[in-house]
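Try each task on the model before you read its solution.

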Amino acid sequence: MRFVVVLDGTVTTVARQARALAAFLRDGLGDASVELAGVTEGGRGELGGVTERGELAGETLVFYADDGDKRRLVDLAPTRDVRLVKTTARRPDLMVDDLLALGAGAHSTGPGTLGGEIALILTAGGATGAELATRLACRTGGAVLTDALSIEVGPRELRGRRTVYSSHLRGRFALTTRPWCVSIDASWNDGPRSPSLKPALEHYVLSDTDETGGAQATPFEDIELVAAPSTDDLAESRFLVVAGYGAGSREATKRIAQAARRMGAGFGASRPVVMNAWAPLDRLIGVSGTRTAPVLCIVVGASGAPALSWGIERAGFIVAINPDDHAPIVRDSDALLLDDGVAVIEELAEIVAAQREQGGAAPTA
Amino acid sequence: MGMGGLNTEAIPSQMSDLRVLACFKATPDFEALREADWATAAAGGVETRYVRRVLNCFDESALELALRLSETAARRGVRAELGALSVGGRDVEPYLKTLVALGYERATRVPPEAAGGESEVAGGESGLDFAPGVVASIIAAYAQRVAHSDLVVLGWRSGPGDSGTVPFRVAEALGWPCLTQVTEVEPLSDDRLRVACVADDGPLRLTLRGPCVLAVGNAVVSHLRVPTLKDRLARRHRPIEVLAAADLGVDIAAQRHRETCLPTGFETIDRSRRGVVIEGQSPHDKAQTLFDSRLRDIMETL
Amino acid sequence: MDLSREGVVDGLQRIVEPGDVITDEKILIESSVDNFRKLQNIFGVHTMPVPAAVVMARSTEKVAAILRFADRHGINVIPRTGGTATEGGLESAVPDSIVIDGSAMNEVVNIDAYNMQATCQCGVPLQVLEDRVRELGLTTGHSPQSKPVAHMGGLVATRSIGQFSTLYGGIEDMVVGLEAVFPNGAVTRIKNVPRRAAGPDIRHVVIGNEGALCFITEVTVKLFPYFPENNVFLGYTLKDMKTGFEALRAVMVNGYKPSVARVYDPGDAGLHFSHFVADDDCVLLFMAEGPAGIAKATAAGVEGIVAAFPECTRVDSAYIETWFNDLCWGPDKITAEDERIRQTRNVNRTTEISADWSSINDIYQAARARIIEEIPDITMMGGHSSHSYINGTNMYFNYFFNVVDVGPAEETTKYYLPIISIICEETLKRGGSIVHHHGIGKARAPWVKDEYGSSYYILETLKQAFDPDGIMNKGTIFPL
Ligand SMILES: Cc1cc2nc3c(=O)[nH]c(=O)nc-3n(C[C@H](O)[C@H](O)[C@H](O)COP(=O)(O)OP(=O)(O)OC[C@H]3O[C@@H](n4cnc5c(N)ncnc54)[C@H](O)[C@@H]3O)c2cc1C
């Protein structure tokens with residue numbers, strides 16, 4: 001019983017895919033799955049190793065379009081063993097053909113095939129990963145779980161979780177037939193870059209095949225990448241400081257904005273702040289402004305009126321700094337500092353800046 | 001797609017250049033449920049029968065994109081014929097009527113229950129919410145056998161199942177490619193479309209030739225236009241077609257048995273925030289405690 | 001007015017902190033309209049005169065000083081709190097006005113659970129007050145759909161009404177006392193007493209003045225015990241509105257006080273209840289609340305009365321309860337609706353009127369038929385009755401149209417005003433009132449004399465007495 005990790009090296013996101021999949025292999029498998037990953041107690045992180053019994057091993061299958069990328073791609077693989085397949089970019093339907101040709105769907109024995117039964121095929125988060133997993137399951141009679149938050153190998157089936165009901169709930173699922181085709185949730189892309197993951201595995205390239213032959217009429221032509229929208233936009237910001245009316249003055253608002261900049265955070269403001277012209281209108285968070293979803297949001301001197309809380313409620317962690325413990329923001333925050341906002345945020349900026357100088361956590365907003 | 005070059009065979013007058021099938025699902029409006037309603041999920045399921053239906057937002061984009069596609073096509077001398085399909089109970093009929101009033105030429109629903117055993121509880125949840133394989137078979141069979149579609153346009157995912165696999169499964173069944181996270185579609189000629197989509201590596205545009213499944217994502221166009229009372233009156237006699245899955249060669253009960261990713265339970269996602277008060281003697285103390293206890297770790301993930 | 005635009009700003013900066021005088025162009029433009037011209041705001045088209053400044057009021061004394069300044073120089077003043085007005089009450093009818101924004105006066109001054117009354121400044125959002133009193137097991141009983149966003153000052157100034165009005169009444173039944181500032185700077189406090197017979201009830205000079213007589217700085221409202229666990233919901237489908245009005249009347253005249261009593265016509269029911277009603281069904285619904293015994297008895301009584309109408313078919317109460325729990329419009333819904341309008345140019349408008357039981361159905365039928373016949377591009381024409389009294393009820397016309405062939409600025413002249421005009425005509429013809437709870441604003445000011453008839457004398461005299469220089473919200477209530 002073996003597993004394959006699939007990386008799409010025909011696009012620039014491949015390093016992120018590799019990181020996410022490695023994080024998933026480390027943290028996304030329940031205890032019962034540790035074996036599957038070939039991870040031994042002493043060597044968490046040395047993925048793809050063969051257990052003592054010699055039966056569980058993972059390989060990474062890397063698709064590439066350009067020969068020049070090969071070396072770099074091999075280094076990204078989260079397992080020791082790597083196979084390379086040259087293919088057509090942006091055609092998951094054809095990549096699935098390639099996977100089948102390698103024997104991903106059945107016991108394969110020929111040279112250059114995966115060999116043996118592949119139990120689990122793991123693809124990255126995002127559209128391509130989901131398409132690969134789905135199409136592969138359709139063609140092999142296997143089962144597919146997209147956007148997996150975690151998986152766990154049971155005695156006869158694979159169990160996994162993903163969000164359902166439009167993100168209102170998590171669902172538990174059982175995958176009843178093999179191969180289990182699993183694409184991981186995109187949130188793994190954002191996982192911490194764990195220091196325990198060894199980036200420099202020694203890799204073995206087991207095979208390298210070219211599946212680009214047999215010129216087919218392509219359905220997609222004139223592909224043109226459009227510049228992605230700029231990311232200093234509030235909606236995209238991963239760390240935000242938001243000033244509320246409790247800041248009290250234009251001067252204080254400016255100091256909060258400066259502290260934000262020092263910490264590498266984006267800066268937004270509540271409606272009353274903007275209405276007072278203490279901050280420009282494009283900083284407005286909440287109704288008729290921006291709805292944000294930062295990982296970390298520090299709210300300074302805002303009571304947390306519904307108009308504002310709507311704009312920040314999707315934040316991962318909310319810190320409120322506010323002297324009034326009756327304010328609605330108290331209910332909407334993860335951590336609360338009952339104090340003068342400006343004083344605290346300036347102290348905090350100091351601490352973060354000092355930390356950065358020591359080479360510690362240095363956010364790049 | 002396309003009628004070939006110098007074909008001299010008689011072309012039926014009804015022939016259209018581009019047959020577009022738009023599929024949609026009406027889901028309970030999850031936003032209308034309260035925290036307390038979700039809290040019961042772990043114990044059993046969520047009671048969504050009592051909340052109003054809404055169009056799945058991505059499907060709504062798909063339906064409007066199809067209308068715009070047909071309008072642009074008409075300006076370029078290409079006739080696009082629009083069909084709408086929903087695998088759904090009686091509660092999708094108001095939507096089908098709206099689509100007919102807006103100019104969809106065919107509006108069809110396939111009840112989600114096995115023929116004969118149709119238990120269409122008004123407002124009830126479809127029995128196929130967690131059976132994306134069955135839904136995809138119905139859509140593919142309809143596209144192939146009834147609508148002879150050139151293009152299938154639908155939302156990239158829909159609750160409550162949210163598997164996001166239906167478009168890929170339809171493409172698999174039809175042997176077509178699939179473009180996902182589609183945001184715009186513009187017909188260039190009777191066999192070429194310019195499509196904008198958001199790939200994993202960023203937004204891109206490409207020219208599409210030949211049949212394809214277009215899975216619509218966060219399109220700029222997210223709302224379906226509204227027909228006037230006069231539009232409704234004018235097209236009120238057009239029938240809403242109800243087809244049994246069996247007529248499409250799909251055996252719902254048997255197919256359901258073949259689903260291989262089965263839901264086994266639900267968990268609530270606790271979103272309530274703790275509001276832990278960080279104590280300290282001075283602003284500096286508090287900031288330091290906050291940083292040490294929480295922020296240091298979080299900032300590492302930024 | 002004897003001052004230039006700069007002169008107005010300069011004068012204000014002498015009265016309040018300079019930072020409290022806002023002259024940012026975008027904000028001034030945004031402050032020149034309300035929901036009456038929401039389409040213009042959504043599309044960024046601006047046709048109204050731009051105010052000279054928005055000034056943040058922070059105390060009663062500052063409000064008095066600003067008003068004295070405006071009065072001395074004849075500058076138009078537009079009071080504002082939550083900004084959710086729908087009838088043009090916030091529109092600047094003339095150039096270089098001052099918008100006095102009371103939203104910073106947002107202190108909950110006192111919650112007196114013993115005397116069951118709460119005092120707050122004008123800028124307190126109702127939701128904030130309601131959440132605070134709920135912690136004590138109490139409620140204000142006031143629940144307009146705009147509860148999350150409207151503020152106490154505006155709610156009193158527009159004579160607003162909430163969803164539980166049939167039990168708790170409108171805001172006029174809740175306000176026990178208040179503080180208001182008049183154009184001459186006079187600060188007036190009406191004390192909080194249970195009742196008094198010491199002459200006319202002067203609260204009513206202030207309640208519903210729509211910023212056309214005075215600026216409200218503080219209000220005190222009643223509190224009630226809150227028993228959500230006792231709520232009982234009842235719902236029925238039926239085929240025509242006439243029966244629906246009859247059923248409502250029967251409930252009211254038999255002495256029952258459900259907190260909610262409504263009937264929806266098929267068009268409006270289609271928007272809310274399509275998951276359990278047929279195309280042409282009306283929906284009749286009730287909610288009974290209060291102490292357990294009362295809630296139960298009320299529900300049983302209502303049930304018995306409706307049972308006498310065989311056309312009414314009972315539906316599962318869970319439909320009604322679930323729907324009711326999601327009725328308020330917070331910022332999320334408002335933003336989503338604006339986006340829907342921007343994309344579809346399909347606009348939703350409402351006009352609310354009231355009349356006695358004999359006329360209400362005729363007004364509903366006549367106005368509806370005329371609008372469908374006379375107004376182009378209508379996509380939905382319907383409505384509901386949501387506030388009933390012993391002698392009659394209201395009709396909340398709810399309608400949608402596509403804006404076709406004209407720009408956003410012409411939406412009011414091509415569609416909205418002609419529709420309002422039909423509704424007003426049909427209502428006045430049958431002796432009803434053209435405004436049930438949104439206020440007259442500027443949109444319905446042209447009909448105010450017809451609305452009042454000979455009693456317009458009293459209204460007009462109030463204006464002359466309290467705002468002799470006519471600086472308060474020109475064009476609101478009193479047409480220009
Ligand atoms: C989605 C939505 C739902 C609504 N639902 C309801 C409902 O169920 N019931 C209902 O009655 N209304 C409803 N309304 C209308 C509106 O919310 C009410 O009229 C509300 O009372 C306005 O309060 P505000 O604080 O937003 O006032 P604003 O919009 O700021 O002002 C309203 C009017 O009052 C005047 N005014 C404001 N503050 C003062 C003050 N301090 N002193 C003197 N005059 C002042 C203004 O000049 C203006 O004429 C709704 C509106 C929306 C947008």
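**Exercise 1.** Work out how many residues of chain B and chain A are in contact, and what the interface is made of.

*Solution.* Start with the head count: 71 residues of chain B touch 82 residues of chain A, where contact means heavy atoms within 4.5 Å. Next comes the area: chain B and chain A bury about 6800 Å² between them, with 58% of it on carbon and sulfur atoms. Buried area here is the accessible area (1.4 Å probe) that two parts lose on being put together, summed over both. B:Glu267, B:Arg273 and B:Leu302 supply 13% of what chain B buries against chain A, more than any other three residues.

One to look up is A:Arg139 with B:Glu172, closest N and O atoms 2.8 Å apart.

A housekeeping note: this is a predicted model, so to speak of local features pLDDT must be at least 70, and side-chain atom pairs count only at pLDDT 80 or more, while totals for chains, interfaces and linings use all residues. Residues are numbered from 1 along each chain as its sequence is written, chains are lettered from A and ligands numbered from 1 in the order written, and side-chain values use heavy atoms, leaving out hydrogens and water.

**Exercise 2.** Find which side chains of chain C and chain A meet in a salt bridge.

*Solution.* First, the setting: 18 residues of chain C are in contact with 15 of chain A, and the two chains bury about 1500 Å², 62% of it on carbon and sulfur atoms. The count is one salt bridge, and the pair is C:Glu30 with A:Arg271, at 2.5 Å from N to O. On the chain C side, the elements giving two or more residues are α2 (25-30), α5 (126-134) and α13 (331-344); these helices are DSSP runs (H or I, at least four residues), numbered from the N terminus.

**Exercise 3.** Which residues come nearest to the ligand, and how much of the ligand does the protein bury?

*Solution.* Of the 32 residues around the ligand (a heavy atom within 4 Å), C:Pro79, C:Thr84, C:Ala85, C:Ser146 and C:Thr158 come nearest. Then check the backbone: an N or O atom of C:Gly82 lies 2.8 Å from a ligand oxygen, and a polar backbone atom of C:Ile161 is 2.8 Å from a ligand nitrogen. Taken alone the ligand exposes 970 Å², and the protein buries 95% of that (Shrake-Rupley method, 1.4 Å probe).

Conventions: Salt bridge = Lys/Arg side-chain N within 4 Å of Asp/Glu carboxyl O. Polar contact = N/O pair within 3.5 Å; in protein donor to acceptor, adjacent residues only side chain to side chain.
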